[in-house]
Amino acid sequence: MTGILAPRSSAHTHQGHKRKQNQDSLHMDDGHGLWIVADGMGGHQGGEIASAIACEVIPEQVSTGVGIAAALQAAHGEILVRGNRQRELLGMGTTVVVVREQGNDYELAWSGDSRIYRWRNGQLSQCSEDHSVVQRLLKSGLLTEQQARNHPHQHVISSCLGSTADEGLEIGYRREHWFRHDWLLLCSDGLTDELDDEQIAAILAQHDNVTGAGAALLQAALDAGGRDNVSVALIRAPDDAPQGRLSGRNQGFFRRPFCPWLLAIGGVLVTALFVLT
Ligand code: CA
């Protein structure tokens, strides 16, 4: 870390080398502990509008006390309403990944194939599970990891905000604990289509701050082809998050304040016993 003023988060986005617009949107709010990456799709600026609606409606909803999964549902409804109102926007949609922090805990919610990863002790783990046809085949054992990666339909998603009928909307949700020095990576598929998990981990391992790491990930995706819009958001754990490798119970034990008077009484008792015997 680079000191007390080092930012909690960094955001980098680029339209890439092939696309004419950047339809990804980001919402970064360190103050309220809310971070969003949304990857829009749909012609006539529909994708851009859908991802922007997600980044507008979700924070609004959360600020009124609505839970993040319900906030995604509300954004989905708003995208459908706006799409139905303007013919050229009909069918627009967006994937979304959201992190909401509450003290040393955080919640994750997502729909579609944008991803959330955790970087802890040099290990990269995917926290979200893609809502995609290929992921379903992988889970049911019909595809191997390698086959999934090269599958011709790997971009076919099974859910996203806006484009899916209400009953088909899938929302993933998890609640986790921060450990000190953890980072979370939120990204659109423009990053993960160009770089595999090993390449992402190798880049993260070369950086000790989220700003440098985010810029390097974006550049690597562009260097690898930049065929899609690329968005990368990195968030680091709060400075007072507990040290890793301890359970919650143990953290409480180790953080209990040191009591010198207790030690003094113990010392007197031991000495008294020694003298008396
Ligand atoms: Ca994309």
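## Surroundings of Trp119

Apart from neighbours within four places in sequence, Trp119 is in contact (heavy atoms within 4.5 Å) with Leu124, His181, Asp182, Trp183, Ala201, Leu204 and Ala205. Trp119 belongs to strand E6; helices (H or I, at least four residues) and strands (E, at least two) are DSSP runs, numbered from the N terminus. With a relative accessible area of 10%, Trp119 is buried; buried denotes under 20% relative accessible area, exposed over 50%, and partly exposed the range in between (1.4 Å probe, protein chains only). The C-alpha atoms of Trp119 and Leu184 are separated by 6.1 Å, although these residues are 65 residues apart along the chain.

## Basis of the model

The model is predicted: local features need pLDDT of at least 70 and side-chain atom pairs count only at pLDDT 80 or more, while totals for chains, interfaces and linings use all residues. Residues are numbered from 1 along each chain as its sequence is written, and side-chain values use heavy atoms, with hydrogens and water left out.

## Sheet and helices

An open sheet is formed by five strands in the order E1-E10-E9-E6-E7, with antiparallel pairing; two strands pair if DSSP finds at least two bridges between them. Strand E1 (9–14) and strand E7 (123–126) are the edge strands, each pairing on one side only. Strand E9 (residues 183–187) is joined to E10 by five bridges, and Cys187 has Val232 in E10 as its bridge partner. Helix H7 packs on the sheet, where H7 touches E1, E9 and E10, and its direction makes about 160° with that of E10; axes are lines fitted to C-alpha atoms, for helices over the stretch in contact, and angles run from 0 to 180 degrees between N-to-C directions.

In helix H6 (residues 197–204), the buried residues include Ile200, Ala201, Ile203 and Leu204. The buried residues of H6 fall within an arc of 160° seen down its axis, so they line one face of the helix; the arc is that of the directions from the helix axis to the C-beta atoms.

## Calcium site

Asp39 (OD), Asp39 (OD), Asp189 (OD) and Asp228 (OD) coordinate the calcium ion at 2.3 to 3.0 Å. Donors are N, O and S atoms within 2.8 Å of the metal (3.2 Å for Na, K and Ca); water is not among the atoms, so sites may look incomplete. Both Asp39 and Asp228 are buried.

## Confidence

The protein chain averages a pLDDT (the predictor's confidence in each residue, from 0 to 100) of 88, and 86% of the residues score at least 70. Over residues 246–263, pLDDT stays under 50.
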